Amino acid sequence: MFNRRQLLAAPALLLTAPALLLANTARAEQRFPSLSMFIPAGPGGGWDGLGRAIEQVSRQAGLVGTFQFENIGGAGGTVGLPRFVASKRGRGDALMVSGSIMVGSVLTNKTPVGLQNVTPVARLTEEADVIVVPAASPIKDISGFLAALKANPGGTSIAGGSAGGTDHIALGLVLKSQGHSARQGSYVAFAGGGPAQAAILGAQVSAGMSGLSEFAEQIKAGRMRALATTGATRSDPAIPTLKESGVDVVITNWRGVFAPPGVRPEALTKLVALMTELHALPAWAEMLKTRDWADAFMVGDEFARFLDSDRAQTELVLKEIGLA
Amino acid sequence: MNAFDGLSLGFSHALTLSNLGWALLGCFLGTAVGVLPGIGPALTIALLLPITFQVEATGAFILFCGIFYGAMYGGSTTSILLNTPGESGSIITALEGAKMARNGRAGPALATAAIGSFVAGTIGTLGISFLGPVVVEFALKLGPAEYFSLMVLCFVTVSAVLGGSALRGLTSLAFGLLLGLVGIDLQSGQPRMTFGIPELLDGVNVVLVAVALFAVGETLFLAWRHHDNQAVVRPVGSIMMSRDDWKRSWKPWLRGSFLGFPFGVMPAGGTEMPTMLSYYAERKLVAPEHVHEFGTTGAIEGVAGPEAANNAAAAGILVPMLTLGLPTSATAAIMLSAFQSYGINPGPMLFEQQSALVWTLIASLYVANIMLVVLNLPLVGLWARILKIPQPQLYAGILVFATIGTYGISNSVVDLVLLYSIGFVAMFMRRFDFPTAPVVIGMILGPMAEQAMRQALTISQGDWTAFVTRPGSAVLLGLAVLALVGPRVWGMVRRG
C-alpha cells in the first residue's frame, strides 16, 4: 500500500496545516459549502496527496468551505471503489481521486465495479516513467537497450512496480514496438520502490522502469543511468523521450477526480466548473511546481474519450500479457 | 566528516532542551502505538505529518525516530502480558513471553525485553554510525535468489515450534501457507482465493492472524473448557531479573542484535525473519538444564533473543534509507516523504548534503534508546500488575483489546469476521494439540519465499540451477540443509 510513488506526494499532507490556520480569505465566490473527498488509498500516497492539494488550494481561494476526507486503501483502489459507488450514489458534492493505476487494477483484479461506474470530472496531473540501467551496465543509451530487448527479450530482465501497473504496461508497449509480444518480456515485479531500486542498484536485473521522481535522486548521484522517459515531451531536459528515439509509445501515470454514479447533469457541470476554476488559479500552478507534477488538465467529453482510449490500450496490453 | 566528528556534532544538536522534548514525546507515542495491534509506527507518522509542518526538520525527525524505536519497545509488552502481539516483529516474543507471564515470571520477561531492546538498539545505532555504508553495499549484492535461500533457511526454524507431533505441526504450517496466499499475487497481479470479497484483495494481515491464534483462540478455549467457578488470580512473582536471569539473557541479547541488524539493512529483510532465526538459535543453544522450559513454563532466552533481534533490525532498516534513500519499510517510506516536504531529496548524497541533520538524527537515536529503557523499566511493575486481574475479567479485557486493535487496522468489519473465524479455528487447534506458531511462520515466510523464488526464476529465465550456481545462495542453502540434518546426524553419531 505504501508504495514510494504514491508516497511522493505525501508532503501535500503537510500543507493542509496552514490551510487550517489561514482564515477563509474568500477571494472567489464559494461554490461548495462542503465537499466530501474519497481517497481509495491509504494516507500518504499519491492519490491522497492530490486530494489534499485540491483541498488546500480550493479552501485558500475560498472555492469550498470544508472538506471531509475518507481513506479506504488497498489493491490499486479496487477495495475503495465499490464503497464510493455504493455510499455516494447520486450525490453532487462528492469526489473520488483516481488514475491510471485503477484502470489497470480493475482489469487485472476483474472486479465487477470499474471506472465506467463513476462519472469522470477532470484529469489533473501526470508523471512519465523512466527506463534506467545500473551505472555499470554495458547498455549506454536507449538504442542499446532496444537492441538488447529486440535480440533477447527474455534475457533482459526489468524491475518495476506491481504486475499490471503502469511500468508493466509501458514495458509491454515497448516490446510490441520491437516486434515482440508483450508476453515475452522478463518483468520482475517488486512491492514498493525500495526493493525495486535495490535490485537495480545491485545489478540484479538488467534494467528498471518506474516513475521519474522515484529514480531521480539515484540518476543525479550517477548510480543509475536514465535512458528514456515515456511522456509525450521531455520530463527532464537531459533525458530523451521514447517517441523521439523512434519508439511510438506514450504512457504516463495520470491522476484525476471522479464524481459518483447517477449525479444530475447540472451537479456535474458545477463540479467541472470548480475544477476548471481551481486549475486556473496561480496557487495551483505553484502547487504543481512544488509537487513536481506535470499539468495534464482535461475535462468533459475530452476526458471521457481519453479514458476510453486509455482503457482500450491498457486492456490490449494486459490481455496480451495474459493478465486481463 | 568521519563518524566521530559527525556524532559529536549530532549530539550537540540533539541535546538541546526542545530536541530532547521531541525525543521524549516520540518515545512516549511510539510505546503507545506499539502496544495497540492495529496501529503501527508508519500510520502514526503519516497522521503526524501535518502537525509537524510548523516544526523545523531536526525536531520532526527526532520525533519520528522516537516513535519508530518506541513502537519496537511497546510491541513486546502486550505480547508478553496478553499474548497479543502489537506488531509483526513481536509475534515470536509471545511464544515464550506469554508462557513466562502465566508462570509468574512476567516481570523478568518484560525486563529482559526492555534491556535487550536497549542493548540491541544501541548496537544497531552503532552499526548505523560506523558500518552503515559498508553493510548496505554488501546487502545490494543479494538478489532474489539469495533471499529465497535465506527464507528456506528460516523455514528450518519451524522445527523449533512443531511441538510433539510433526504431522500436527506441519498441518499448522500448511494452514499458514494457505492464509498467506490470499490476495493479489504480486508477480501476476491476479487475485487468489479472495472469493469476490474486495477486502481480501490486499491479503490477510499477519498481526490479525497472530492475535486471532494466540489471544482470541486462547480466550475462547478457556471459555469453553474452564468449568470450575473459582476465579484464579495468576501469580505476579518477582518483578526484577535475578542474577540467573541476567546470566541467561546477555548472550541471547548479543546474538539477537548481531542477527537482527544485517536483516534490517537488507532491502527485503524486515524484522520478522531475524526474530525467527534468533528463537531457533536460542532453543538450540540453551543450557541443557533449561531445555524443558521452552514451550512449557517459558524460557527467558526465547524472549531475550527475539526482542533484541527485532530492535536491531529496526535500526538496520534506517541504513538503506539514510545512505541510499531507499524506503525498505512502510515507516521508512513515510519518513522519506517527510524529508521531501522539507525540500530535502533523500538519495545517495544525503549524508554529504545534510550531514548535520543526519548526524543529529543518529545522535537522537542513542538518546531515544536511553529514554525508552528509563521510561519502560519502572513501568514493568505497573504492567505486570495487569495480571492481578481475575482470569475471566482479564480474558474479557484481552478480547475487547484484540477486537478494538484489529478494527483499527483498516476499519473493516471483514477483519473482525476473520479475527473471530481464525480465533475459532485456533480454539479447536488448542483443544486437539495443534501448535499455532507454525501458522504464523508459514504466513510470514510463505509469500516472501514465493515472490523471491519467482523473481529469481524470471531473472534466470526459468533456470532452477540459479539457486545453487550463485555462491551466496548456495552457501545459504547449504546452511539450511546443515541446520535441518546436522542435529540429527550429530545425535546419531553421539549415540554411536
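Start with chain A. Its domain assignment, from an automatic or database source, gives domain 1 (4-126 + 253-321) and domain 2 (128-245). This is a predicted model: local features need pLDDT of at least 70, side-chain atom pairs count only at pLDDT 80 or more, and totals for chains, interfaces and linings use all residues. Residues are numbered from 1 along each chain as its sequence is written, while chains are lettered from A and ligands numbered from 1 in the order in which they are written.

**Stop 1**

Two residues are in contact if their C-beta atoms, placed from the backbone, lie within 7 Å. Helices (H or I, at least four residues) and strands (E, at least two) are DSSP runs, numbered from the N terminus.

**Stop 2: chain A as a whole**

Show chain A as a cartoon. Chain A holds 12 helices and 10 strands. Of its 324 residues, 58% are buried. Buried means 20 or more other C-beta atoms within 10 Å of the residue's own; exposed means 12 or fewer, partly exposed in between, with C-beta atoms placed from the backbone.

**Stop 3: the core**

Select A:L95, B:V209 and B:V440. These have the most contacts inside the largest nonpolar core, which has 262 residues. Such a core is a set of buried Ala, Val, Leu, Ile, Met, Phe, Trp, Tyr and Cys residues joined through C-beta atoms within 7 Å. Helix α4 (residues 57-82) of chain B gives the most to this core, with 15 residues. Domain 1 and domain 2 of chain A both give residues to this core, so the core lies between them.

Stay on B:V209. Beyond residues up to four places away in sequence, B:V209 touches B:L179, B:V204, B:I422, B:V439, B:V440 and B:M443.

**Stop 4: a bent helix**

Go to α11 (residues 243-265) of chain B. Where does α11(B) bend? The bend is about 30° at B:S249, and a proline, B:P252, follows within four residues. The bend is the angle between axes fitted to the seven residues ending there and the seven starting there.

**Stop 5: B:L36**

Finish at B:L36, in the loop between α2 (17-35) and α3 (41-48) of chain B. Is B:L36 buried or exposed? B:L36 counts as buried because it has 22 C-beta neighbours inside 10 Å. Leaving aside neighbours within four places in sequence, B:L36 is in contact with B:G86, B:G405 and B:G408.
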